[in-house]
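Subject: Structure handover

Hello,

Here is the structure I promised to pass on. My notes on its packing follow below.

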Amino acid sequence: MNILFVCTGNICRSVMAEFFMREGLAGVNQEAGVRLSSAGLDAEEGIKPPSEIVDVMRDYHLDIAEHRAHRLNRGDVDEADLILTMTLHNSQRLLTGYQESVDRVYTLREFVVEGEKKSRGLQETDPDMRLSKLRSRIRNVEGWQQSERSDNINDQLRLFFLHYFHVYDHELSVDDPLGQSREFMKNTAEEIRDLVNRVMGPDILALT
């Protein structure tokens with residue numbers, strides 16, 4: 001299973017998510033079957049994370065100082081089984097260039113909130129099988145009949161926008177901590193850590 005985290009610059013939020021998940025999977029049997037990466041829609045290739053973000057992550061005994069920003073490209077998208085963005089805006093922008101990934105793109109918060117809800121009664125214990133089931137369940141929209149569903153990209157995009165703009169009435173994004181106070185950065189790290197742990201947990205992907 002290839003999981004890709006995406007934010008704007010790939011120097012704060014998506015890096016936090018990638019490193020928190022790496023930590024969570026360390027020593028777990030499924031680790032060998034999970035490939036993690038991160039990228040930024042507007043990343044300046046090769047730049048370092050801000051020192052403030054590096055310091056915040058050191059509070060969790062995680063060293064991200066050697067991370068270098070990577071700009072999202074076609075190969076990243078094609079290889080990913082699950083793409084978790086930090087904001088709804090990230091998802092929308094990603095889909096303007098990679099429409100065919102519509103059934104693999106979710107905000108991190110969406111995948112957690114809806115994943116925990118839609119996984120109820122899910123019998124599969126294999127993470128890959130669980131992901132396959134969850135993707136179809138989470139992207140399902142009330143009123144969208146099974147017979148109407150199609151592999152056509154336009155139909156998939158219609159489903160995506162129905163999903164976001166007619167179903168949701170809660171916040172879907174993780175705010176950008178860049179340029180904010182250290183307290184804000186720490187709160188963002190805590191938020192992402194909690195969401196990532198829930199993705200890995202038994203109620204969603206059963207990675208841990």
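A nonpolar core here means buried Ala, Val, Leu, Ile, Met, Phe, Trp, Tyr and Cys residues joined through side-chain atoms within 4.5 Å. Note that this is a predicted model.

The largest such core has 46 residues. Ile3, Phe111 and Leu205 touch the most other members. At least two residues each come from β1 (2-7), α1 (13-25), α2 (51-58), β3 (82-85), α5 (108-118), α6 (127-138) and α8 (182-200). A second, separate core holds 13 residues, including Leu4, Leu41, Leu72 and Ile83.

Next, the helix pair. The axes of α5 and α6 come within 10 Å and cross at roughly 100 degrees. That makes α5 roughly perpendicular to α6. On α5, the contact uses Glu110, Phe111, Glu114, Gly115 and Lys118. On α6, Leu131, Leu134, Arg137 and Ile138 take part. By class, the contact has four nonpolar, one polar and four charged residues.

Finally, the aromatics. A search of the whole structure gives two aromatic pairs. Phe20 and Tyr60 are edge-to-face, 5.1 Å centre to centre, with 90 degrees between the planes. This pair links distant parts of the chain, 40 residues apart: Phe20 is in helix α1, Tyr60 in the loop between α2 and α3 (74-79). Both Phe20 and Tyr60 are buried. Tyr106 and Phe111 form a tilted pair, 5.4 Å centre to centre, with 50 degrees between the planes. Tyr106 is buried too, with a relative accessible area of 0%.

Best wishes

Note on methods
Residues are numbered from 1 along each chain as its sequence is written. This is a predicted model: local features need pLDDT of at least 70, side-chain atom pairs count only at pLDDT 80 or more; totals for chains, interfaces and linings use all residues. Side-chain values use heavy atoms; hydrogens and water are left out. Buried means under 20% relative accessible area, exposed over 50%, partly exposed in between (1.4 Å probe, protein chains only). Helices (H or I, at least four residues) and strands (E, at least two) are DSSP runs, numbered from the N terminus. Axes are lines fitted to C-alpha atoms, for helices over the stretch in contact, and angles run from 0 to 180 degrees between N-to-C directions. Angles under 35 degrees count as roughly parallel, over 145 as roughly antiparallel, 65 to 115 as roughly perpendicular and the rest as oblique. Contact means heavy atoms within 4.5 Å. Ala, Val, Leu, Ile, Met, Phe, Trp, Tyr, Cys and Pro count as nonpolar, Asp, Glu, Lys and Arg as charged, and the others, Gly among them, as polar. Rings of Phe, Tyr and Trp (its six-membered ring) pair if their centres lie within 6.5 Å; planes under 30 degrees apart count as stacked, over 60 as edge-to-face and the rest as tilted.
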